[in-house]
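Please open the model in your viewer and keep the selection panel at hand.

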Amino acid sequence: TGLQSLYSGSAIRTYIIPRNSAFRAYMKTNGYANVSAIPVATLEPVLKYHIVNEKVIFTDPELLLSNNPIAYPTESGSIMYLSHNTSYQGLINHGTKKSWTIITSNLEPTNGVIHITADIVYLSL
């Protein structure tokens, strides 16, 4: 997709990274034999939605309140709501029609934060 610079650049971002099983489920649901069979025009916005243009770490005092989704801009031009529950598990798009729980959070590479999900996520209002 030509998005390597978004992952390796120095700009600080939050990366929502779906597990391999999420991509396998996505391919099966959408009838793709493998990742290279997904048209770039289809895959690029999916990947860009998983890149938040700010550093969002759940130890940030701004995120102190649980179940309080905050809207963040994504690289796709859409927004992603991030928050956490009372057990401090990260939540994606909590309060919308479809939300997800982050399974591993607050990993800090040199250019931001990584949160791992079991699914490919999207905004469903």
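Helices (H or I, at least four residues) and strands (E, at least two) are DSSP runs, numbered from the N terminus. Colour by these elements and follow them from the N terminus, where the order reads α-β-α-α-β-β-β-β-β-β, with 3 helices and 7 strands in total. This is a predicted model, in which local features need pLDDT of at least 70 and side-chain atom pairs count only at pLDDT 80 or more, whereas totals for chains, interfaces and linings use all residues. Residues are numbered from 1 along each chain as its sequence is written, and side-chain values use heavy atoms, with hydrogens and water left out.

Next, show the C-alpha trace, which spans about 40 × 35 × 25 Å along its principal axes.

Now select Y72, M80, L82, I92 and V121, which touch the most other members of the largest nonpolar core, a set of 14 residues. Such a core consists of buried Ala, Val, Leu, Ile, Met, Phe, Trp, Tyr and Cys residues joined through side-chain atoms within 4.5 Å, where buried means under 20% relative accessible area with a 1.4 Å probe, protein chains only. Strand 3 (70–73), strand 4 (79–84) and strand 6 (100–107) are the elements that give two or more residues to this core.

Centre on I92 and display its contacts (heavy atoms within 4.5 Å): leaving aside residues up to four places away in sequence, I92 touches I16, M80, Y81, L82, K98, S99, W100, I102, T117 and V121.

Finally, select L6, A22, Y26 and M27, which are among the 13 residues of a second, separate core.

Notes: Buried < 20%, exposed > 50% of the residue type's maximum accessible area, 1.4 Å probe, protein only.
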